Amino acid sequence: MEDRQGNQQLAPNLQDLLRTAAFFSELPEASRQIAFSHAVVRNHPANQMILLENDWGGSVYFVLSGWLKIRTYNVDGKEITLNIVGQGEIVGEMAAIDQAPRSTDVLSLTPTTIANIPADDFIQLLKVEPMAGLKLSQLMGRRLRQVNRRLRLRESNSSSRVADTLIFLAEGQGTDINSSKGAEIPNFPHRELSSMSGLARETVTRVLTKLEKDGLIIRSHDKVAIPDLAALEASIF
């Protein structure tokens, strides 16, 4: 069961958390308040449905902690993982902008804290604050580049496709892939990586073992550490 906490009880903490999201980082304080005034924070356990395909988009959601899976199904009814997003990411914004039903399901992969903002408040923010529109355009541009990159790599070797999926997940929490700094992502079930990369689960397992032997990743029970993102990026060909 979700745990809902009103913004009056945790207003300072909630607003501090929302300010850490890249979308809000450069917005003037007055503009932030438009978005924050009716924000509500909810805690969800792992494996809980957050949004349903074909529901109407009444809110926009900001991931404060944890990870969400965005999925759909092909014509044969097979689940397809379109994306996995983490802290600082936005979901549900397109349905709010289009005023149309949602096109995907969203569910929690880990315990997750989400702030939801009414769609009307989000649209009003875009109308009055040019920087908000620019931030949204940058988000859409980044996602489009990611999709183009993934499509381009569909014919690449399995190692490149798994490495790209790991980088894609690191980007899903706001990590700069051009940085020589490291990143950590959860040690997701291999079936999720299989769905994202378009490879058999056994192939994913084999590639992860190879990447670990090459020192490009370090795995523990619940985490996958990428010591050097630039080095992992350089392994893709």
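Me: Leaving aside neighbours within four places in sequence, which residues is Asp121 in contact with?

Reply: Good place to begin. Asp121 touches Ile34, Ser37 and His38 once you skip those sequence neighbours. Bear in mind that what you're looking at is a predicted model.

Me: Which helix does Asp121 lie in?

Reply: Look for helix H4, which spans residues 119-128; Asp121 is part of it.

Me: On to burial, then. Which residues in H7 are buried?

Reply: Buried means under 20% relative accessible area. In H7, that picks out His190, Glu192, Leu193, Ser194, Met196 and Ser197. Six of the eight residues in this helix (190-197) are buried, so H7 is largely enclosed by the rest of the structure.

Me: Which residue follows H7?

Reply: Gly198, and its phi is positive, near 75°.

Me: S11 came up just now. In what order do the three strands of the open sheet stand?

Reply: Read it across: S10-S12-S11, with antiparallel pairing. S10 (183-186) and S11 stand at the edges with a single partner strand each, so one side of each has no neighbour in the sheet.

Me: Over how many bridges do S11 and S12 pair?

Reply: Two, in the antiparallel sense, with S12 covering residues 223-226. To see the pairing by eye, find Arg219, which stands opposite Val224 in S12.

Me: Which helix lies across S10 and S12?

Reply: That's H6, and it runs at about 100° to S10.

Me: Let's zoom out. How many helices and strands are there in the protein?

Reply: Nine helices and 12 strands. Of the 237 residues, 49% are buried. Now take contacts between residues at least 6 apart in sequence: 74% of them join residues at least 24 apart.

Me: What does the accessible surface of the protein come to?

Reply: About 11,800 Å², with 52% of that belonging to carbon and sulfur atoms.

Notes: Residues are numbered from 1 along each chain as its sequence is written. This is a predicted model: local features need pLDDT of at least 70, side-chain atom pairs count only at pLDDT 80 or more; totals for chains, interfaces and linings use all residues. Side-chain values use heavy atoms; hydrogens and water are left out. Buried means under 20% relative accessible area, exposed over 50%, partly exposed in between (1.4 Å probe, protein chains only). Helices (H or I, at least four residues) and strands (E, at least two) are DSSP runs, numbered from the N terminus. Contact means heavy atoms within 4.5 Å. Two strands pair if DSSP finds at least two bridges between them. Axes are lines fitted to C-alpha atoms, for helices over the stretch in contact, and angles run from 0 to 180 degrees between N-to-C directions. Accessible areas come from the Shrake-Rupley method with a 1.4 Å probe; for residues, only the protein chains shown count as cover.
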